[in-house]
Amino acid sequence: MQKRSFQTKAIRNQARLSSFREHSTPIYLTSSFSFQSAEQGKRIFDGVENGNLYSRFSNPNTNEFIETLCLLEKCESGIATASGMAAVYTSLVSFLSYGDHIVVSKNSFGNTLYIVTSILPKMGVEYTLVELDDNEAWKSAIQTNTKLLYLETPSNPLLKVADLAFIGNLCKENNIISIVDNCFATPYLQNPSNFGIDIIVHSATKYIDGQGRVLGGAILGPESLIQYCYDFIRKTGACLSPFNAWILSKSLETLAIRMERHSSNALAIAKELQNCKYVRRVVYPHLKSHSHFLLAKKQMRSGGGIVSFELDFEEKKIFKFLNALELFTLTANLGDSRSIATHPQSTTHSKLSPQEQKNAGISPQLIRLSIGLEEVGDLIADIVNALNKIK
Ligand SMILES: Cc1ncc(COP(=O)(O)O)c(C=O)c1O
């Protein structure tokens, strides 16, 4: 299966058929698995024989999901988690001890920064925050006790892009673990492992599900490192449910064609916004105007489904614009087949102080669009119509 193309791996990797010879993998809703004999129970517990024991740490649905994701991310091993945040937390805490230091991108998801700045320090872990795209800052932040580097690229909501090959090499040279949250790009657009990144984290809740139904997450990487995350999840319990794993496995079958369409729709909308006189700036990784356009072209097959832009209007009109949209749902999620408009300053980033918002580039005029799979002409007409109502 390893040598097959992305799409074939995503569709054809499947759990072993049951005696019913089903075509589609069934949902294995069972908390535990029985043994044919007491001897078999002992063998499975001793690790001499492979077999499922208990769904907190293995189940045919979660195994199928994680095996397929490993194929797509070109990783040796992985563990499925209850949510993206469970994956983020596990990927950090599994490797850290009292007295360690970590370097983390300032442009990471808010809850990730909360773990880094509020939870880990209570466990004696120091941190340094750096700008995602400042290679010198990453390098100079490394100390003798630095255990890992953590980032997400492209970042949320301003779609900054990190140089993955630089980060991968820097970590190898300094014997540090590199962790990348690949949630925005998905394995279809970007494989961090191609650039020497050790651990890949996913919120499967976003594009992997792709229809806003279930929460889930995953951590992928070499077996020698994943073993720590596996032990952490096995003992602490933030595992993925078999039902959610079943949904997510089915979703992986369509990830490639969905990401193609998300990206082509998003690029068309980004170009349209760029030509609009009411728009101050547009950010999209595969627009020539992006500050790391060439890097984004090198790392990402296409630009992804998120477009961020600033309208050239006073604050009051921004809410009017959002309320005038008919095809974009107002919600804080992303990665759905349905297009979504989010106002980061008043929602996802509202807990930051005004100064922190300013530092992070979150202005009242900023809007993040998660471009869905609707007909792109309809989406553009909806944006133009909403602009015409407020100008
Ligand atoms: C980049 C990124 N990582 C992690 C998460 C957390 O994922 P979840 O909501 O599945 O816990 C999110 C959620 O929005 C995210 O945007």
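Student: Which strands does helix 7 lie across?
Tutor: Helix 7 (residues 164-174) lies across strand 4 and strand 5 (177-181), and it runs at about 155° to strand 5. This is a predicted model, where local features need pLDDT of at least 70 and side-chain atom pairs count only at pLDDT 80 or more, while totals for chains, interfaces and linings use all residues. Residues are numbered from 1 along each chain as its sequence is written.

Student: What counts as a helix or a strand?
Tutor: Both are DSSP runs numbered from the N terminus: helices are H or I with at least four residues, strands are E with at least two. For angles, axes are lines fitted to C-alpha atoms (for helices, over the stretch in contact), and values run from 0 to 180 degrees between N-to-C directions.

Student: And which strands does helix 9 touch?
Tutor: Helix 9 (residues 223-236) packs on the sheet and touches strand 1, strand 5, strand 6 (199-203) and strand 7 (217-221). Its direction makes about 25° with that of strand 1. Contact here means that two residues have C-beta atoms, placed from the backbone, within 7 Å.

Student: What order do the 7 strands of the open sheet come in?
Tutor: The order is 1-7-6-5-4-2-3, with mixed pairing. Strand 1 (77-81) and strand 3 (126-130) are the edge strands, each pairing on one side only. Two strands pair if DSSP finds at least two bridges between them.

Student: New topic: what does strand 12 pair with?
Tutor: Strand 9 (residues 306-311) pairs with strand 12 in the antiparallel sense over 5 bridges, and V307 stands opposite L369. Strand 11 (residues 340-342) is also antiparallel to strand 12, over 3 bridges, with T342 and R368 as bridge partners.

Student: Is strand 12 (residues 366-370) mostly covered or open?
Tutor: Mostly covered: 5 of its 5 residues are buried. A residue is buried if 20 or more other C-beta atoms lie within 10 Å of its own, exposed if 12 or fewer, and partly exposed in between, with C-beta atoms placed from the backbone.

Student: Last one: which residues have the most contacts inside the largest nonpolar core?
Tutor: They are L149, I219 and V307, in a core of 99 residues. Such a core is a set of buried Ala, Val, Leu, Ile, Met, Phe, Trp, Tyr and Cys residues joined through C-beta atoms within 7 Å. Helix 11 (residues 255-274) gives the largest share, 8 residues.
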